[in-house]
Amino acid sequence: MKCIRIRGLTFKYSGCEWYALKNVSLDVEEGEFILVSGPSGGGKTTLARTIVGLIPHFYHGVYNGEVYVYDMLVSKTPIFEISRYVGYLFQNPENQIFMTTVERDIAFGLEFRGFNRDEMRERVRRVLKILNIEHLAGRRIDELSGGEKQKVALAGVLALNPKIIILDEPTAYLAPKSALELMRFLKKLNEEYNTTIILIDHRLDLASQVASRLIIVSEGEIVLDKPIREGFSEIVYKRYGVNVPTLVRIYEKVRRYGVFKHPPLSVDEFTSILKMYLKR
Amino acid sequence: MISVEGLYFSYTGRMDDLVLDNVSLEIREGEALAILGDNGAGKTTLIKHFNGLLKPTKGVVYVDGVDTRRASVSELSAKVGVVFQYPEKMFFNKTVYDEIAFGLRNFGYNEKTIERIVDNVLSIFWLSKYKYESPFSLSGGEQRRLAIASVIAWNPKYIILDEPTAGQDAIQRELITNLINIFIERGKTVVIVTHDVEYVAENFKRVILMDRGRIIYDGEVSDLFRRRSLLERCNLLQPTIYKLESRLIEDGILKDGFRDFRDALRKIEDLIKSVKIDEED
């Protein structure tokens with residue numbers, strides 16, 4: 001089942017001279033885990049905003065084409081309705097946190113939607129547990145580190161049980177191990193609850209271990225849309241302005257010997273292929 | 001030289017609530033230094049002492065022999081330029097031009113000189129086409145470049161960058177890396193705070209690791225990245241080439257470690273070639 005359908009989408013922010021998106025078409029199946037990357041200013045965040053409805057409802061401009069989320073035409077559906085299905089984690093958690101304590105912040109979206117007190121308590125308890133941050137429950141937001149705030153913001157999104165989650169560079173300011181844990185958590189959510197994940201990230205090395213499809217957006221267009229491994233093979237030739245993972249750079253150097261058929265996605269994969277080759 | 005001697009700091013002023021706990025270090029002129037550590041380890045709090053934004057609760061910080069407690073932030077900023085995280089929070093001018101010109105105006109440059117410097121900086125940072133746009137209309141990566149450009153403009157001797165590569169694409173990352181190398185070649189002192197272990201592994205020699213307000217390592221990058229447990233304690237991961245190195249050594253495939261990225265490429269290629277030669281025999 002298709003959960004997102006985009007047809008011929010073009011968008012230009014008002015007051016801006018160039019188009020942020022140019023004739024973009026895209027289908028997303030329910031349960032996919034997609035990594036979206038590409039150069040800064042290429043249109044990744046704009047694309048995300050068109051799915052959650054911030055464009056055209058909040059950011060105005062020249063808008064052509066159609067975006068459907070579960071058959072709702074986004075341009076004709078209030079953000080309130082769309083957000084029942086799509087959770088959006090902003091680039092900077094500071095933009096997402098409203099309340100003074102962790103529990104109250106997580107409950108904010110539920111309160112806004114009129115959930116009763118018991119249901120709210122239950123949902124907050126559940127997401128705190130899922131994210132392994134039960135110890136933060138009563139803490140004040142201003143006492144938290146950047147990584148902790150990121151998790152609280154994510155908890156607020158998860159509490160609403162969205163079927164699609166879009167995360168805009170969630171790992172940019174996280175310590176690498178926390179970033180890896182977040183990736184694994186998203187994978188679990190994807191596998192166990194069939195949640196569709198759209199992850200915008202520049203760190204391909206970590207994200208490639210969990211995502212199954214790679215989309216690269218550059219100068220307002222989708223310039224690559226492939227299964228992750230094939231996508232990586234293409235990055236070797238075309239670069240696309242993305243951060244090429246170290247393993248892919250090593251692969252590039254030794255490709256001509258034919259040891260690796262595709263770029264390895266993890267150190268484990270790299271060493272096991274190399275070991276097999278050396279044993280021959 | 002920036003010299004930190006027995007620095008303790010707490011936001012409340014209480015000694016039972018320390019964010020920095022007996023930190024000492026020296027940053028020599030022309031040096032490139034990376035500061036690593038988990039979120040909340042005290043990295044940003046430490047660099048805020050370099051331009052006097054924060055003053056020690058106990059201990060002393062000297063910048064070129066000047067005690068930061070006895071100098072104003074603007075006096076120290078002429079020497080120490082700091083670019084913080086979340087650059088969008090630093091902007092308050094209407095245009096990109098004015099954003100860069102702001103610091104220069106404060107330091108008393110005339111408008112003609114300012115225009116020359118701003119144009120120059122804009123072209124180095126690939127921002128010329130946005131000269132009269134609002135800083136808030138730029139993308140995240142462009143805002144980062146603008147924030148660095150605004151500090152570089154007044155030519156400080158010490159350049160301190162908090163997470164300069166976070167959220168940057170390959171082009172920006174390479175641009176920033178090249179600029180940092182140019183700064184170092186020109187005798188600038190560069191300190192970066194980062195989580196980007198791959199970037200540090202390829203570009204830095206000296207590294208400091210912080211954990212809960214203390215410096216727990218100060219030394220060679222290649223040595224630190226081989227200490228997996230120390231890294232994990234600080235929520236860091238080994239950079240790929242060091243992870244690969246330890247796996248290959250454990251498996252008895254590799255005898256000596258990698259010196260750097262280039263050395264890793266050469267050694268892996270040699271391993272593969274050795275099989276080819278055997279096959280030919």
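Modeller: What follows begins with the contact between the chains and then turns to some details inside each chain.

Please keep in mind that this is a predicted model. The contact draws 43 residues from chain A and 49 residues from chain B. The area buried between chain A and chain B comes to about 4,200 Å², and carbon and sulfur atoms give 63% of that area. On the side of chain A, Tyr173(A), Lys177(A) and Tyr257(A) supply 17% of the area that this chain buries against chain B, which is more than any other three residues supply.

Polar and charged groups also meet here. The count between chain A and chain B is 5 salt bridges, and one pair that forms a salt bridge is Arg249(A) with Glu202(B), whose closest N and O atoms are 2.9 Å apart. Across the interface of the two chains there are 12 residue pairs in polar contact, with both residues at pLDDT 80 or more. As for the elements involved, those that give two or more residues to the side of chain A that touches chain B are helix H7 (176-193), helix H8 (204-207), helix H10 (246-254) and helix H11 (267-279) of chain A. The largest share of that side, 8 residues, comes from H11(A). Sorted by kind, the residues on the side of chain A that touches chain B divide into 21 nonpolar, 12 polar and 10 charged.

The structure holds 14 aromatic pairs over all chains, and among them Phe11(A) and Tyr63(A) form an edge-to-face pair, 6.3 Å centre to centre with 70 degrees between the planes. Phe11(A) lies in strand S1 (residues 2-13) of chain A and Tyr63(A) in strand S4 (residues 61-69) of chain A, so the pair ties together parts that are 52 residues apart in sequence.

Elsewhere in chain A, helix H4 (residues 102-112) has as its buried residues Val102(A), Asp105(A), Ile106(A), Ala107(A), Gly109(A) and Leu110(A). What covers these buried residues of H4(A) includes helix H5 (117-130) and helix H6 (146-158) of chain A. Just after H4(A), Gly114(A) takes a positive phi of about 80 degrees.

In chain B, Arg206(B) lies in strand S9 (residues 206-211). Is this residue buried or exposed? Arg206(B) counts as buried because its relative accessibility is 11%, which falls under the 20% cut-off. The side chain of Arg206(B) makes a polar contact with the side chain of Glu31(B), at 2.9 Å. Leaving out residues up to four places away in sequence, Arg206(B) touches several others, including Leu25(B), Ile27(B), Arg28(B), Leu33(B), Asp218(B) and Val221(B).

By contrast, Glu185(B), which is found in helix H6 (residues 170-185) of chain B, is exposed, with a relative accessible area of 69%. Between Glu185(B) and Ile2(B) there are 183 residues of separation in sequence and 19 Å in space, taken from C-alpha to C-alpha.

Notes. Residues numbered from 1 in each chain as written. Chains lettered and ligands numbered in written order. Heavy atoms only, no water. Contact = heavy atoms within 4.5 Å. Buried area = accessible area lost by both parts, 1.4 Å probe. Salt bridge = Lys/Arg side-chain N within 4 Å of Asp/Glu carboxyl O. Polar contact = N/O pair within 3.5 Å; in protein donor to acceptor, adjacent residues only side chain to side chain. Helix = DSSP H or I, 4+ residues; strand = E, 2+ residues; numbered from the N terminus. Nonpolar A, V, L, I, M, F, W, Y, C, P; charged D, E, K, R; others polar. Buried < 20%, exposed > 50% of the residue type's maximum accessible area, 1.4 Å probe, protein only. Phe/Tyr/Trp six-rings, centres within 6.5 Å; stacked < 30°, edge-to-face > 60°.
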